[in-house]
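Me: Please pick one part of this model and take me through it closely, then tell me what sits around it. Keep it chatty, but spell out the cut-offs as you go.

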Amino acid sequence: MRVLQQLLQLRQMREFNVLIALVLMGVLISLFTPYFLTVSNLMGVSRAFSLTAIMSIGMVMVIITGGIDLSVGSAMGLAGLITALCFDAGFSQYVAVAAGLGVGLAFGLTNGLLITAIGLPPFIATLGTLSIGRGMMYMITHGVPLTPDTPESFSVLGQGYVGPVPVPVVILLVLTLVFTIVMTRTRFGRHVYATGGNENAASLSGVKVQRVKLAVYVLSSTISALAGVIAFSRYLSAEPASGFGSELEVIAAAAIGGASLAGGIGSVLGAVIGAALIGEIANGVVLLNINTYAQQAITGGVILIAVSLDVLRNRMGGRG
Amino acid sequence: MRIGMKAAAAVMALATGMGAGAALAKDITVALVPKVAVPFFDDCNTGGAEAAKQMGVNYQWVVPANTQGATQVKIIEDLMARHVDGIGISVNEPKSVEGIIKQATAAGIKVVTFDSDSANSSRSMYIGTINKQAGVTMGNTMAKALGGKGEVAIVTGQLGASNLNERIDGVKEALAQYPDIKLVATEGTEDDLARAVSVTEALLRGNPNLSGIFGISQVGGPAVAKVLAQQEFSDMKGKIKVFAFDDLPDTIKGVKEGFIDGIMVQRPITMGKLAVEHLVAQIKGEETDPQNVDTGVTVVTADNLDSYTK
């Protein structure tokens with residue numbers, strides 16, 4: 001009886017709908033190809049979407065405050081590149097990883113201060129840092145990938161396994177758990193929701209709105225930088241265009257997962273499942289040998305259908 | 001005013017007349033202009049500088065600060081003002097340089113394009129890789145490696161890139177002669193390594209009978225090598241034939257480790273060398289009917305990895 005109640009409660013959750021879409025899509029793909037539902041493919045897909053999913057955790061917190069972070073791809077790419085540069089210069093892996101995460105911190109502080117201290121709209125502030133980050137990557141790489149020698153132990157981060165589960169997926173699961181707790185069980189989490197729900201009301205009731213905003217941009221950039229370090233560990237090659245354009249997929253993941261771009265609504269779990277749905281479709285269109293020129297359009301169409309069904313279901317259930 | 005114009009025209013005629021007659025090598029100056037500062041063009045510079053030294057002409061290497069069309073226009077203006085005799089250029093934007101190349105050739109300066117062409121300009125010739133031909137070479141090399149039969153797939157970069165699409169056309173043209181080779185998939189990667197890796201993984205899982213992969217853009221080689229190095233696909237190493245483009249460090253590593261069977265490598269040193277040689281020949285009046293030159297690609301395998309020339 002208790003289990004049933006909990007299941008019913010689960011149904012109430014917004015994430016549940018996205019989860020259903022994820023499962024249905026998996027069933028649909030499996031009907032047409034025997035190669036989808038294998039352990040190695042599912043683990044491969046999970047590893048492929050884990051970086052987008054990790055970045056979407058930071059993004060959804062920013063979106064819940066009513067903001068947006070367009071610079072996540074640049075923070076990711078530049079962090080990987082700086083990590084590679086440190087290896088190239090002969091620093092230890094600890095210094096290299098710390099430097100990479102430091103890039104994220106710097107990105108986040110820049111974004112946060114532009115938005116809170118100067119008062120720039122988040123769209124403009126992070127569009128500016130997005131562009132600066134890209135430019136710096138081209139200045140550093142001159143368009144050529146950087147492939148320094150790295151110790152075996154460093155590649156575990158991107159290439160290793162815990163049992164059958166790739167390490168990046170393990171990191172994703174841990175971050176999902178931690179930030180779900182932060183957002184649902186802590187005062188900081190409540191303040192993030194309050195800031196996006198109604199900034200004035202939040203401010204009047206004692207929430208330090210500016211400080212909350214600064215914190216979510218720092219978190220978003222630092223988490224993206226972590227994704228960049230993991231990506232570099234996976235490929236051991238810092239690409240001049242690494243992370244370019246990934247902001248769209250990350251924002252889409254958060255939105256598919258139920259986050260409202262107007263702020264106040266969204267969840268970490270939803271964003272992660274949203275990223276999984278995008279990754280699943282990307283895998284499916286290749287497995288099914290769908291014409292490459294049609295893949296992007298089909299991906300977009302499928303996402304729109306999935307989210308529309310979610311919205312309609314909610315409306316029929318009497319919730320908005 | 002009228003007289004002044006006439007005088008100027010006379011001086012110009014005299015100047016160009018002298019230019020055409022400048023048979024003494026030490027009086028000749030040629031300049032090469034790359035797209036931007038990347039290692040590929042360093043090789044062009046090496047070839048150009050060497051050729052100039054051998055022929056005893058003055059040589060300038062002028063690198064644009066960015067890839068905007070206007071920047072190269074400005075550089076050609078400067079070179080005209082400095083009265084160089086010949087200009088070789090790798091064009092960033094074919095359209096934007098048409099006007100200035102016309103002015104330069106009208107002023108008697110010989111202009112050739114290398115690596116990247118502006119086909120509708122008044123340049124005398126283009127020297128570089130003809131991408132379709134490079135694709136044909138790639139397709140034939142693959143067909144030979146497969147013994148004329150098998151399933152193959154193409155991993156390309158950006159779907160709209162004309163140089164990549166020309167290479168794909170060439171590959172398809174070559175494969176058309178082998179009825180037992182079936183092209184089962186063509187996948188775009190947006191030239192993003194991460195995307196290329198996950199696309200290649202899915203490609204291998206979805207097509208277990210695949211026996212050949214073409215890496216059409218420069219991410220193809222590194223991506224396929226990284227995928228085949230993974231535990232999951234270890235039994236495919238050697239079984240699946242892989243040919244790629246461009247000798248990036250990770251692609252060369254893939255050849256050394258046996259994941260990649262061959263790389264189509266362009267010849268930037270040859271491009272630089274030929275650009276200078278043809279310019280000088282045209283300035284001296286020795287070459288009067290220049291034709292485009294395909295510098296071709298070298299197929300680099302484990303056998304000639306240490307000895308190939310560009």
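Reply: In chain B, the C-alpha centres of domain 1 and domain 2 lie 34 Å apart. Domain 1 is 22-128 + 268-293 and domain 2 is 131-266, with the bounds coming from an automatic or database domain assignment. Bear in mind that this is a predicted model, where local features need pLDDT of at least 70, side-chain atom pairs count only at pLDDT 80 or more, and totals for chains, interfaces and linings use all residues. Residues are numbered from 1 along each chain as its sequence is written, while chains are lettered from A and ligands numbered from 1 in the order in which they are written.

The part I'd zoom in on is strand β10 of chain B, residues 262-266. Helices (H or I, at least four residues) and strands (E, at least two) are DSSP runs here, numbered from the N terminus. How well covered is β10(B)? Five of its five residues are buried, where buried takes 20 or more other C-beta atoms within 10 Å of a residue's own, exposed takes 12 or fewer, and partly exposed falls in between, with C-beta atoms placed from the backbone. Both faces are covered: B:G262, B:M264 and B:Q266 are buried on one side, and B:I263 and B:V265 on the other.

Now for the neighbours in the sheet. Strands pair if DSSP finds at least two bridges between them. β10(B) runs parallel to strand β9 (residues 241-245) of chain B, joined by three bridges, and B:F245 stands opposite B:M264. With strand β12 (residues 297-300) of chain B, the pairing of β10(B) is antiparallel, over four bridges; there B:Q266 has B:V297 as its bridge partner.

Between β9(B) and β10(B) the chain goes through helix α9 (residues 249-256), and the three make a right-handed β-α-β unit. Right-handed means that, with the strands pointing away from the viewer, the path from the first strand over the helix to the second runs clockwise. B:D246 is in the loop between β9 and α9 of chain B, and its phi is near 70 degrees, a positive value in a residue other than glycine. B:D246 is partly exposed because it has 19 C-beta neighbours inside 10 Å. B:E190 is another non-glycine with positive phi, at about 55 degrees. B:E190 sits in the loop between β7 (181-187) and α7 (193-206) of chain B, and it too counts as partly exposed, with 19 C-beta neighbours inside 10 Å.

Elsewhere in chain B there's an open sheet of six strands with parallel pairing, in the order β2-β1-β3-β4-β5-β11. Its edge strands, each pairing on one side only, are β2 (58-61) and β11 (293-294). Inside that order, β1 (residues 29-33) and β3 (residues 86-89) share four bridges in the parallel sense, with B:V33 and B:I89 as bridge partners.

Stepping back to the whole of chain B, you get 10 helices and 12 strands, and C-alpha atoms that fill a box of roughly 80 × 35 × 35 Å along the principal axes. Of the 310 residues, 50% are buried. Contacts are pairs whose C-beta atoms, placed from the backbone, lie within 7 Å. Of those in chain B with a separation of 6 or more, 74% come from residues 24 or more positions apart.

Chain B also touches chain A, and that contact takes 22 residues from chain A and 27 residues from chain B. On the chain A side, the elements giving two or more residues are α3 (39-64), α11 (209-235), α13 (268-287) and α14 (292-316). The most comes from α3(A), with four residues. By class, that side has 10 nonpolar, 11 polar and one charged residues; Ala, Val, Leu, Ile, Met, Phe, Trp, Tyr, Cys and Pro count as nonpolar, Asp, Glu, Lys and Arg as charged, and the others, Gly among them, as polar.

One of those helices, α11(A), has 27 residues and reaches 39 Å from its first C-alpha to its last, close to the 39 Å expected at 1.5 Å a residue (that is, 1.5 Å times one less than the number of residues). α11(A) is largely enclosed by the rest of the structure, because 22 of its 27 residues are buried. Just after α11(A), A:L236 takes a positive phi of about 50 degrees.

How values were computed:
Two residues are in contact if their C-beta atoms, placed from the backbone, lie within 7 Å.
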